[in-house]
Amino acid sequence: PAIFPNLSYPMVDALGAKHYDSLFRAQDQYKPARMGSNQTADFILLHVFETEPKLIRRPAQLLHFLLRKHYRKKDIPARMVGRFIEVLRQGGQFQDWPLEQIVANSADFFAFLQERWALRVRSEISVLENQVKEAPDASGLQYPGPVSIPFEHDDVKVYLDNLFAEGLLKPVSVPSAKQLSDPWLLVGISKGVVEDRKRCLDHAQKRLAECLPDGHASHLDWMAYSQALGDMRALQHLSGADAPLPSVAATQDVLFLEWLQRRYGSLYNQPPVPPVMVHHIPKAMAAILSQNGDARIALLVIDGMSLGQWSLIREVLRDQTEEIRFEEQCLFAWIPTLTSVSRQAIFSGKLPQLFPESFYTTSKESSLWRQFWTERGFESEAVQYLKDLGPAKDQELLEHMENDRVRVLGLVVNTLDDIMHGMVLGAAGMYSQVEQWARQGYLLSLLQRLMAHGFKVLVTADHGNV
């Protein structure tokens, strides 16, 4: 209150400390009078997140905002999102749009775009085949709202190439594509699995060359680079390509070490929502549960899974089903990146120096996990932990899922870590075995069973392979 005396404290608190510098500069420049909650939210939306919802009146403007938010991963707190939607509704526009889903959740937004893209392409193809532009068939859409949206608008079209090249949207397979009157539509039309993957790989290599951070970059820059690197490694495996990393990336370890020595030591104190380090995860889970008193949540730790292997697993899951949506972000393991250090930090929610008695063992994970949640008011029976997941543990897991009193599950899959420690064929062999494991379907089945029992599922790793 002393720093932002004229702004609503609940709204400032909901914003989070990482945005306070931007808010303080705006306050200093514009010197706002005393404001209530809605006025404060509007002030924050305008001056921190550079958006003014009352000026968004056309679909292209809304899509442009959503693309900036979700593609560029702008983290707008839930209370600001709620105010944004409220103001849009007040204007009378977008009444049929699923705003609560596509504004808050990037996975829902890209799935919404995917449905509309497929309709748009099929409509254009109908002109070639019948010389008549048929109205898009809206039956079977998962997301309500307008059937046709302005992909051709410059503010929207500029994002399309990246969305398809980075796998956020899938190109559509259609006949007669080369005859389309609008060549820009070809960016989202499949040329076959091999050609599509080659295009994505070329794009990923270009991204890496352009976004290599240095020792002075923010942790967000290194997260973005690491995710791009993981995507490229997965694409190399899927494409059967032996293409080397871009030459600029040869210095990545040197630059990353320089950055670690300068900035890593302060990451632990970042706000835990969204999580930046692995010990933030249970605090982020607690925040989710605090917003929905009846929710159930499961944390699935895939021991030893690198970012590249997650990218590979994600693509296999997408091949297996269209029912699962992924909301992704990177976070940092604890150094040293040992299971007994980094994974215990996950299940305890603590800094490693706060569990010195179990620094070299994982035997305390179950009790640390339960302690974290009971300290937050959960009954002991509501919190369960299970490791070494596999078919042999299915019955025990089922009993937890079917027990309505269980609200929080902590789960560990050790398969990838076991593969890694037995690997003699290097990275290529590791990726091949990870893909084989993912295609066997155990992970998909596990996710589907958890969701069928009402669990929101978070998937993470404790460390990678290096």
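A salt bridge is a side-chain nitrogen of Lys or Arg within 4 Å of a carboxyl oxygen of Asp or Glu. Asp-394 and Arg-449 make one of these, with their closest N and O atoms 3.5 Å apart. The model you're looking at is predicted, and a search of the whole structure turns up 23 salt bridges but 0 disulfides. Here's a quick tour, by topic.

**Salt bridges**

- Let's start with the pair above: Asp-394 sits in helix 16 and Arg-449 in helix 19, so the bridge ties together parts that are 55 residues apart in sequence.
- Asp-394 is partly exposed, at 26% relative accessibility, and Arg-449 is partly exposed too, at 22%.
- Arg-343 pairs up with Asp-303, with 3.1 Å between the closest N and O atoms.
- Arg-343 and Asp-303 are both buried.
- Arg-207 and Glu-166 also meet through their side chains, at 3.7 Å from N to O.
- Here Arg-207 belongs to helix 9 (residues 193-211) and Glu-166 to the loop between helix 8 (154-165) and helix 9, so the link joins parts that are 41 residues apart in sequence.
- Glu-166 is buried, with a relative accessible area of 17%.
- There's also a network of salt bridges, linking Asp-231, Arg-314, Glu-315, Arg-318 and Glu-328.
- As background, side chains of opposite charge can pair when their charged atoms come close.

- Helix 19 covers residues 442-452, and its buried residues include Tyr-442, Leu-443, Leu-444, Leu-446, Leu-447 and Leu-450.
- Just past the end of helix 19 comes Gly-454, with a positive phi of about 85°.

- Cys-200 counts as buried, because its relative accessibility is 15%.
- For Cys-211, the closest cysteine sulfur is in Cys-330, and at 11 Å that is also too far for a bond.
- Cys-211 itself is partly exposed, at 30% relative accessibility.

- Most residues other than glycine have a negative phi, and most peptide bonds are trans.
- Going against that, the peptide bond from Val-273 to Pro-274 is cis, with omega near -5°.
- Pro-274 is found in the loop between helix 11 (252-263) and helix 12 (281-291).
- The bond from Ile-335 to Pro-336 is cis as well, with omega near 0°.
- Look for Pro-336 in the loop that connects helix 13 (307-320) and helix 14 (339-348).
- Glu-50 isn't a glycine, yet its phi is positive, near 55°.
- Its spot is the loop between helix 3 (37-47) and helix 4 (59-71), and at 56% relative accessibility Glu-50 counts as exposed.
- Asp-388 is another non-glycine residue with a positive phi, near 55°.
- Asp-388 lies in the loop between strand 2 (383-386) and helix 16 (394-402).
- With 42% relative accessibility, Asp-388 is partly exposed.

Key
Residues numbered from 1 in each chain as written. Predicted model: local features only at pLDDT ≥ 70, side-chain atom pairs only at ≥ 80, totals over all residues. Heavy atoms only, no water. Disulfide = S-S within 2.5 Å. Buried < 20%, exposed > 50% of the residue type's maximum accessible area, 1.4 Å probe, protein only. Helix = DSSP H or I, 4+ residues; strand = E, 2+ residues; numbered from the N terminus.
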